Amino acid sequence: EVKRRFLHNPGDPASLGSNYINHLALDAQNNMWIATENSGLDFCNTRQEVFVHYTHTGYTTHSLPDNHISRVYVDPDGTLWVGTKYNGLLQFLPDKAIFNPIPFATDVVKKDALPHHFVTCILPEGNDYLWIGTLGGGLSLMNRKDFTFTHTRHSEDNPESLSKNAIRSVFRDRDNNLWVGTEGGGLNLHDYKRKKFGLLTRNPS
């Protein structure tokens with residue numbers, strides 16, 4: 001049974017910003033951050049059930065550059081990492097309402113830039129790193145302190161590389177194995193010791 005339904009109401013600015021939701025994340029105060037498909041980032045005070053909207057309002061410094069939000073991850077310190085469809089990754093500081101864009105480049109692979117504009121997944125790696133999956137640029141490990149990247153991509157010459165660069169999901173199991181789901185390339189299992197990937201294939205028998 002559904003306990004409550006929250007819907008966008010054009011006549012109520014405190015209602016949900018959009019009925020198209022891509023991702024949800026809770027912060028330390030048990031409030032919810034909501035990634036919407038076309039209306040930016042929403043914050044919900046779960047006690048008051050009131051929504052605050054962060055939307056693209058023109059190319060203003062430190063504002064949200066893109067209303068198409070694909071993923072959101074909340075750091076233990078309250079910092080948000082916001083993945084977009086068209087503008088890569090953003091660092092968001094809620095206390096200051098500031099969005100800091102992380103550089104991205106779709107034509108070249110650079111150590112100081114994300115290799116694609118469409119972020120599909122975000123997963124923490126220890127205290128200092130984030131795995132960032134993109135829909136075309138492979139999987140990148142970002143240093144949260146200096147915003148440098150180590151990129152993992154598909155290579156035709158390397159059977160132990162990622163099977164595809166279109167990443168859809170990243171998951172770490174209880175044994176600390178990293179599983180990477182791709183679009184069209186199946187499921188990959190990361191070998192931390194050898195820093196290689198293995199492709200899990202379907203056994204017809």
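Modeller: Happy to! Buried means under 20% relative accessible area, exposed means over 50%, and partly exposed lies in between, using a 1.4 Å probe and protein chains only. By that rule, 44% of the 205 residues of the protein chain count as buried. This is a predicted model, where local features need pLDDT of at least 70 and side-chain atom pairs count only at pLDDT 80 or more, while totals for chains, interfaces and linings use all residues. Residues are numbered from 1 along each chain as its sequence is written, and side-chain values use heavy atoms, leaving out hydrogens and water.

Let's look at Pro13. Pro13 counts as exposed because its relative accessibility is 65%. You will find Pro13 in the segment before strand 1 (21-26); strands (E, at least two residues) and helices (H or I, at least four) are DSSP runs, numbered from the N terminus. Contact means heavy atoms within 4.5 Å. Setting aside neighbours within four places in sequence, Pro13 is in contact with Phe51 and His53. Val50 lies 37 residues from Pro13 in sequence, yet their C-alpha atoms are 9.3 Å apart in space.

Now for the whole. The protein chain has 16 strands and zero helices. Among its contacts with a separation of 6 or more, 36% are between residues 24 or more positions apart. Along the principal axes, the C-alpha atoms fill a box of roughly 55 × 45 × 30 Å.
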